[in-house]
Every structure is written in structure tokens, then in C-alpha cells.
Amino acid sequence: MKKMLLSLTLYFAMCSVSYCEQIEARLPKNICAHFFKEVTNKNVSKAYDYLFIASPVVKLKPQDIDVVKRQTEMVAQLYGEINGFDFIREETFGTSIVRLVYILKFEMMATTWEFYFYKPHDEWFLAKIMFNDQFDLLEPKK
């Protein structure tokens with residue numbers, strides 16, 4: 001009986017750790033970090049699929065996602081190899097919206113990226129994404 005109780009305790013502990021890791025992985029900053037790692041590895045489509053995994057935008061505007069995937073690939077062709085990315089800022093708006101700003105560094109130019117995540121209940125999802133090479137997205141919104 002003690003072995004069974006110990007086994008169950010270990011099982012539930014492992015499940016709660018796994019659940020916590022899943023929640024941690026789906027935090028906005030972690031989602032963006034994973035996205036940029038995939039883009040850096042030239043897996044643009046896979047990167048966007050992960051980015052939008054919990055987002056209703058996929059169902060509402062699937063053609064927009066295809067367009068942004070193509071635009072991202074075109075930017076990479078235009079500006080050369082990716083040298084990495086930098087996190088710039090995080091801004092929260094209430095308890096359910098967060099704005100994250102990044103720079104994606106290419107050989108010939110940097111692009112700025114702005115992500116808006118929304119959490120209507122208990123899970124964050126990407127609500128809006130913008131990127132350009134004009135640096136205007138770097139400014140705080142607050």
C-alpha cells in the first residue's frame with residue numbers, strides 16, 4: 001500500500017510539473033522566443049504555426065497568416081542571414097493584454113516586431129502581429 005501511495009504521489013507530482021512546464025511554455029515571451037528560434041532556423045511556416053496555435057485568428061483570417069508567412073520569407077531573402085533577435089520591451093494593458101517588442105537582426109538591416117497577446121480567461125494567445133523595417137514599432141505605447 002505504501003508503494004502504491006508513493007507511486008501515485010510521484011505520478012501526480014510529475015504531472016503537475018509537466019502541466020507547469022506547459023503553462024510556462026505558453027507564456028507570451030516564451031512563445032516569441034520559440035517563434036524567433038524557428039524563424040532563425042528558416043522554419044518560417046512552422047514558426048507561425050506555433051505562434052498561432054491557440055489563436056482564433058487562424059480560423060478567422062487564415063489567408064492573412066499565409067500572407068505574413070510569405071512576407072517574412074521575402075524579408076529574409078531581401079536582408080540576408082539572420083544574426084539573432086533582441087527583446088526590447090514588454091508592456092501590459094490591464095490583466096489581459098500584453099505587448100512585446102523585438103528586433104530581428106539580419107545581415108543588412110534590422111526589422112522591428114510587435115506582438116499583442118490576449119488572455120480572455122486563463123490562456124494567452126496571439127491577437128495581433130506587426131513587423132517592419134522602419135523602427136517606429138520600438139516606441140512605447142503607454
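User: Where is Glu114 found, and what makes it count as buried?

Analyst: This is a predicted model, and in it Glu114 is part of strand β3, residues 110-118. Its relative accessible area is 0%. Buried means under 20%, so Glu114 is buried.

User: Why is the link between Glu114 and Arg99 called a polar contact?

Analyst: The two side chains are joined at 2.5 Å. The cut-off for a pair of N or O atoms is 3.5 Å, so 2.5 Å falls within it. Leaving out residues up to four places away in sequence, Glu114 also touches others, including Leu100, Lys128 and Leu137.

User: How do you know that β2 and β3 are paired?

Analyst: Pairing takes at least two bridges, and β2 (residues 97-106) has 9 with β3, running antiparallel. Leu100, for instance, stands opposite Phe115 in β3.

User: What makes β1 and β4 edge strands?

Analyst: The open sheet has 4 strands in the order β1-β2-β3-β4. β1 (82-93) and β4 (125-132) each have a single partner strand, so one side of each lacks a neighbour in the sheet.

User: And why are α2 and α3 called roughly antiparallel?

Analyst: Their axes cross at roughly 170° and come within 8 Å. Angles over 145 degrees count as roughly antiparallel, so α2 and α3 get that label. Among the residues making the contact are Ile31 and Phe35 of α2 and Tyr48 and Leu51 of α3. By class, the contact has 8 nonpolar, 1 polar and 2 charged residues.

Methods. Residues are numbered from 1 along each chain as its sequence is written. This is a predicted model: local features need pLDDT of at least 70, side-chain atom pairs count only at pLDDT 80 or more; totals for chains, interfaces and linings use all residues. Side-chain values use heavy atoms; hydrogens and water are left out. Axes are lines fitted to C-alpha atoms, for helices over the stretch in contact, and angles run from 0 to 180 degrees between N-to-C directions. Helices (H or I, at least four residues) and strands (E, at least two) are DSSP runs, numbered from the N terminus. Angles under 35 degrees count as roughly parallel, over 145 as roughly antiparallel, 65 to 115 as roughly perpendicular and the rest as oblique. Contact means heavy atoms within 4.5 Å. Ala, Val, Leu, Ile, Met, Phe, Trp, Tyr, Cys and Pro count as nonpolar, Asp, Glu, Lys and Arg as charged, and the others, Gly among them, as polar. Buried means under 20% relative accessible area, exposed over 50%, partly exposed in between (1.4 Å probe, protein chains only). A polar contact is a pair of N or O atoms within 3.5 Å; within protein, one must be able to donate a hydrogen and the other to accept it, and residues adjacent in sequence count only if both atoms are side-chain atoms.
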